[in-house]
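Thanks for coming. I will take a few minutes on one model, so please look at the sequence and the structure while I talk.

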Amino acid sequence: MPKYKYCPMCAKELNQGLRYGRIRQYCSNCGFIYYENPLPTTVAIAELNGKLLLIKRGIEPLKGIWTFPSGFMELDETPEESCLRELKEETGMTGRIEDLIGVFHNKTPMYGDIISLIYYIKLDTGIPTPGDDAEGAALINISEINDLGFNSFNTAFKIYKEKYYSKKPDMI
Ligand SMILES: [Zn+2]
């Protein structure tokens, strides 16, 4: 299904056809090809004293569920900067990147293909305060966390628990 009708460069009507191995929209007039790529997002599994920081999502998709802080990367920032920025914006909390839990691909109805870079962050001491895009923010016991709404988040949470908590049952 074509997404755009007119060329963003010269405003002529776009065509559709095989270009570089895929059916893509292109412009016969100026040569513009509309490449579609996954959107990169970053996600924070942020820990303080054995609890994880969750937010209540204030926007779709999955508005109202409790899950990890996350957001789209901006231009001119590294994935690590993006993750710490989203964390600060949504919860008021700061911390440092400890590990990359994994990189995940998902197809979403709202945004199409998403790439999620999910980091383990050790939080600085502080009180979570919900900010942009969040209706709530709280530190939750790991044993009380179940479904985080997104498949990639649930998979990353499982990896996180196995990697960082399997040897430390006293902290669960
Ligand atoms: Zn054009």
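Does Asp76 count as buried or exposed? This is a predicted model, in which local features need pLDDT of at least 70, side-chain atom pairs count only at pLDDT 80 or more, and totals for chains, interfaces and linings use all residues. Residues are numbered from 1 along each chain as its sequence is written, and side-chain values use heavy atoms, with hydrogens and water left out.

Back to the question. Asp76 counts as exposed, because its relative accessibility is 84%. The cut-offs are under 20% relative accessible area for buried, over 50% for exposed, and partly exposed in between, with a 1.4 Å probe and protein chains only. Asp76 sits in the loop that runs between strand S7 (70-72) and helix H1 (79-91). Helices (H or I, at least four residues) and strands (E, at least two) are DSSP runs, numbered from the N terminus. Asp76 is not a glycine, yet its phi is positive, about 65°.

Next, Tyr20. Tyr20 also has a positive phi, about 50°, although it is not a glycine. Its place is the loop between strand S1 (15-19) and strand S2 (22-26). With a relative accessibility of 67%, Tyr20 counts as exposed.

Then there is a cis peptide bond, from Glu60 to Pro61, with omega near -5°. Pro61 belongs to the loop between strand S5 (51-57) and strand S6 (66-67).

Last, the overall layout. The protein chain is assigned domain 1 (1-36) and domain 2 (39-166), with bounds that come from an automatic or database domain assignment. Taken over C-alpha atoms, the centres of domain 1 and domain 2 are 35 Å apart.
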